[in-house]
Amino acid sequence: MNVTGHTRSPASIRDVAAAAGVSYQTVSRVINGHPSVRPATRERVLAAIDELGFRRNTAALALASGRSRGVTVLTANTTHYGYASILQGVEEAARAASYAVGISVLESAEEAAVAAEVRRAADAGGGLIVIAYDPAGVGALAAVPAGVPVVGVVETPASPPSGDRPWVWTDDREAAYEATRHLLSLGHETVHYVAIPSSTRRTSARTSGWRQALKEAGAPQPRPVQGSWGPAGGHAAGLKLARDPAVTAILCGNDDLALGVLRALHETGRAVPDEVSVAGFDDAPPSAYLTPSLTTVRLDFTGLGRAAFALLHGVLEESAPVAPHPVSVPELVVRESSGRAPAGR
């Protein structure tokens, strides 16, 4: 209530538009998850929505349209930086469009278990978003029944997918290529690679980009060291690489692996970057605050989640064509952990 004792009427879409300094059509595009709105404008509108407490009547919209206004995200992980940031982007875009979001965790990559989880998610109605960065996610994406609206968040495809594949991805191949070229440009004879697990048995896009940069430079191509997703895998790989005095540059498949590699190099007395340069992947928030701060490749995972919802929203509302597409351009962020190759190398 206000001070006069009268109940304040709910904020309207035009109230939000006035507060954000945009047209009501722009507010409509934001709350419907349309990808054409500039990020700064989107943030301003979302701030006005929160400040005014604007809410669309989700139940009434669902009854009027005959559609369930909900999506379920199927994922094998909710804690690693890339996964968690994608979930954040999906939730932000869905909330702005008055869609509910559920999360279905794939606890096993076994075919029967994955199929059962997909059925449960599909039975909930609405659409599905599958994070297919691992075997369980890839299996889930393949197991979605025909006719169920679905968008896949996938590794960079080996070749452009057909138009009936509603997928989004970041250009991991280009990102790894640029990071490797950066290290080579500092005079390192070659770059060793600590790899994250691939979603399939084929060579991952990150490994392909690393290898392409070495090939073009005529540099030796060492065998990748298989890591895991977390710092422990990087630590084990780092201890192995640190024993070889010829190793002067290491690219890691994600920043968590790089954290483990940095620790291993510290324990074995190899200075970074004076003796060994290290680069990561993803630009997780702690990377800028490590000692030394981590050179890495920034990928917009939150934007990827927003794009996945926008693509699914277009399918559910029958308002946009389905087309697979990459999202955002990777950005190399050079910090303290990469430097010139040691003298004489």
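E91 and R95 stand four places apart in helix α5 (residues 81-96), so about one helical turn separates them. The model is a predicted one, in which local features need pLDDT of at least 70 and side-chain atom pairs count only at pLDDT 80 or more, while totals for chains, interfaces and linings use all residues. Residues are numbered from 1 along each chain as its sequence is written, and side-chain values use heavy atoms, with hydrogens and water left out.

**Exercise 1.** Describe the protein chain as a whole: its helices and strands, its buried share and its contacts.

Step 1. There are twelve helices and twelve strands in the protein chain. Helices (H or I, at least four residues) and strands (E, at least two) are DSSP runs, numbered from the N terminus.

Step 2. The protein chain has 345 residues, and 51% of them count as buried. Buried means under 20% relative accessible area, exposed means over 50%, and partly exposed lies in between (1.4 Å probe, protein chains only).

Step 3. Take the contacts (heavy atoms within 4.5 Å). Among those between residues at least 6 apart in sequence, 71% join residues at least 24 apart.

**Exercise 2.** Find which parts of the chain are tied together by the salt bridge of R306 and E92.

Step 1. The side chains of R306 and E92 meet at 2.7 Å, N to O.

Step 2. R306 lies in helix α12 (residues 301-316) and E92 in helix α5, so this pair ties together parts 214 residues apart in sequence.

Step 3. R306 counts as partly exposed at 21% relative accessibility, whereas E92 counts as buried at 17%.

**Exercise 3.** Check the span of α5 against the expected value.

Step 1. The expected span of a helix is 1.5 Å times one less than its number of residues. With 16 residues in α5, 22 Å is expected.

Step 2. From its first C-alpha to its last, α5 reaches 23 Å, which is close to that value.

Step 3. The buried residues of α5 include Y83, I86, L87, V90 and E92. Just after α5, S98 takes a positive phi of about 60 degrees.

**Exercise 4.** Apply the approach of Exercise 2 to E267 and R263, which form a salt bridge.

Step 1. The closest N and O atoms of E267 and R263 are 3.1 Å apart.

Step 2. Both residues lie in helix α11 (residues 255-267), four residues apart, so about one helical turn separates E267 and R263.

Step 3. E267 is partly exposed at 43%, and R263 is partly exposed at 46%.

Step 4. The whole structure holds eleven salt bridges. Elsewhere, D283, R298, E331 and R335 are linked in a network of salt bridges.

Conventions:
A salt bridge is a side-chain nitrogen of Lys or Arg within 4 Å of a carboxyl oxygen of Asp or Glu.
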